[in-house]
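The following exercises ask you to read a structure residue by residue, with a worked solution after each task. Please keep the sequence and the coordinates side by side as you go.

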Amino acid sequence: MIDLKPKSVRASQTQLADLMFPPDANIHGTVFGGKVLQMVDKAASVCAMRHSGQPCVTVAMDRVEFLVPISVGDLLIVEARI
């Protein structure tokens, strides 16, 4: 039986941070979209597992837009919450 007790947002909130290095970037010095999506997927997974108390996987993403470039040397922080 799945435990359906209410949880606060704080109980599942997840933050990941990583400094971007040259292997994370293309020849223009901007970070690969795949690197960003990897971090987003990992944060979402941890958040979902904290919320559900069960192993979770990503089934789909509706849309992703890269609005500003992320450069080598930038600290990338991703946050997920339910």
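**Exercise 1.** Locate lysine 35 in this predicted model, decide whether lysine 35 is buried or exposed, and list its contacts beyond its sequence neighbours.

*Solution.* Begin with the secondary structure, where lysine 35 is placed in helix H2, which covers residues 33-52. Next, take its relative accessibility, which is 18%; because buried means under 20% relative accessible area, lysine 35 counts as buried. Then, setting aside residues up to four places away in sequence, lysine 35 touches Asp18, Met20 and Asp24. Finally, look at the side chains of lysine 35 and aspartate 18, which are joined by a polar contact of 3.4 Å.

**Exercise 2.** Identify the members of the largest nonpolar core and say which element gives the most to this core.

*Solution.* The largest nonpolar core has 10 residues, namely Met20, Val31, Val36, Met39, Ala43, Cys47, Ile70, Leu76, Val78 and Ala80. At least two residues of this core come from each of H2 and strand S2 (75-80), and H2 gives the most, with 4 residues.

**Exercise 3.** Find the nonpolar patch on the surface and classify phenylalanine 21 by its accessibility.

*Solution.* The patch is formed by Leu19, Phe21, Leu75 and Ile77, which together have about 390 Å² of accessible area. Within the fold, phenylalanine 21 lies in the loop between strand S1 (14-19) and H2. With a relative accessible area of 46%, phenylalanine 21 is classed as partly exposed.

Notes. Residues numbered from 1 in each chain as written. Predicted model: local features only at pLDDT ≥ 70, side-chain atom pairs only at ≥ 80, totals over all residues. Heavy atoms only, no water. Buried < 20%, exposed > 50% of the residue type's maximum accessible area, 1.4 Å probe, protein only. Polar contact = N/O pair within 3.5 Å; in protein donor to acceptor, adjacent residues only side chain to side chain. Contact = heavy atoms within 4.5 Å. Core = buried A, V, L, I, M, F, W, Y, C linked by side-chain atoms within 4.5 Å. Patch = residues over 30% accessible without salt bridge, like charges linked within 9 Å, V, L, I, M, F, W, Y side chains within 5 Å. Areas by Shrake-Rupley, 256 points an atom, 1.4 Å probe, with all protein chains shown as cover. Salt bridge = Lys/Arg side-chain N within 4 Å of Asp/Glu carboxyl O.
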